[in-house]
Amino acid sequence: MKNKKALTVTVALSSLVFFLSGCVQVKNGKPYGFVYDYLARPGQAVMQWLAQLFGNNYGWAIIGLTVIVRLVLLPMMINQQRKSTYQQEKMSAVKPQLAVIQERQKAATTQEEKAAASNDMMALYKANGISMTGGIGCLPLLIQFPVFSALYYAIRYSPELSSAKFMGIALGHSSFLLAVLAFLSYLAQGYLSMIGIPDEQKKTMRTMLVVSPVMILFVTMSAPAGLGLYFFVGGLFACLQTLIINYFRPRIRREVEEELKKHPIKTPTPTAAKSVKATEQTVETNAPKNRNARPNEGRNAGKQQRHHR
């Protein structure tokens with residue numbers, strides 16, 4: 001489940017890199033195209049308006065934009081992370097049954113047995129209302145794609161933004177410092193997300209703990225520092241929402257316990273042995289008694305006897 005979460009974030013961030021790599025075309029030194037006309041130019045106007053509010057400081061304008069976007073997405077992201085936490089608690093409840101199925105998968109020697117074990121695992125999840133994705137989705141990242149694009153191209157093609165500086169950092173050029181800060185902020189968010197998690201689940205979360213920050217580092221190192229500043233402040237907000245979830249985790253755990261009292265864990269009947277047995281019976285029933293005999297041999301013999309008579 002956590003591997004799927006890591007894959008989701010990786011695909012989303014990789015799509016962001018691809019999306020930012022060549023969406024705006026330049027002719028005679030002037031940018032044009034759908035993304036520039038409908039995202040970059042409005043983004044420039046918004047950034048100029050925010051910069052005026054902060055004393056013509058584009059760095060604080062980017063921080064202000066990040067705060068606005070994150071506040072809008074905060075309820076959705078907290079709700080999504082709450083669902084993920086809920087799924088984690090239910091996964092802990094079905095761990096004994098899941099361990100039995102996983103042992104069967106390891107011991108399986110045929111494709112039929114492996115497929116039956118996989119079907120049993122899906123049946124276990126379905127019977128107990130557990131999502132295969134763990135309540136994780138990339139909708140918040142997809143919603144932010146237009147903001148990423150608008151900010152990226154606004155910085156790249158706006159003379160005011162590309163030449164602006166914030167605390168000595170040129171916003172129009174890549175910044176290793178901001179890339180590292182963004183990496184550390186999301187690494188801290190991953191660490192906070194493991195507080196209160198059983199040790200068994202922490203082992204499965206280690207991949208996610210590293211993959212997401214590394215992808216953030218990769219994106220920010222190749223992007224203007226203004227986008228790195230956006231990711232850094234966004235990472236701090238991610239830490240905030242994780243702390244909120246950690247605060248409510250005991251309540252979520254109690255909700256799961258109450259639900260399990262009303263609806264105990266259901267263990268579907270194993271299907272591996274039944275499937276193999278049914279397959280063998282089907283083969284035996286359909287197989288001819290004498291495989292070397294020809295289908296029309298008996299009938300032809302009867303015809304020959306009548307002919308000789």
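Author: Helix α3 (residues 58–93) packs against helix α4 (residues 95–107) at an angle of about 65°, their axes lying 5 Å apart. Axes here are lines fitted to C-alpha atoms, for helices over the stretch in contact, with angles running from 0 to 180 degrees between N-to-C directions. Helices (H or I, at least four residues) and strands (E, at least two) are DSSP runs, numbered from the N terminus. That angle makes α3 roughly perpendicular to α4, a label covering 65 to 115 degrees. On the α3 side, Met91, Ser92 and Ala93 make the contact, and on the α4 side Lys95, Pro96, Gln97 and Leu98; contact means heavy atoms within 4.5 Å. By class, this contact has 4 nonpolar, 2 polar and 1 charged residues. Nonpolar covers Ala, Val, Leu, Ile, Met, Phe, Trp, Tyr, Cys and Pro, charged covers Asp, Glu, Lys and Arg, and polar the others, Gly among them.

As for provenance, this is a predicted model, where local features need pLDDT of at least 70, side-chain atom pairs count only at pLDDT 80 or more, and totals for chains, interfaces and linings use all residues. Residues are numbered from 1 along each chain as its sequence is written, and side-chain values use heavy atoms, leaving out hydrogens and water.

Of its 309 residues, 38% count as buried, meaning under 20% relative accessible area with a 1.4 Å probe, protein chains only. Among contacts between residues at least 6 apart in sequence, 79% join residues at least 24 apart.

Definitions and conventions. Angles under 35 degrees count as roughly parallel, over 145 as roughly antiparallel, 65 to 115 as roughly perpendicular and the rest as oblique. Buried means under 20% relative accessible area, exposed over 50%, partly exposed in between (1.4 Å probe, protein chains only).
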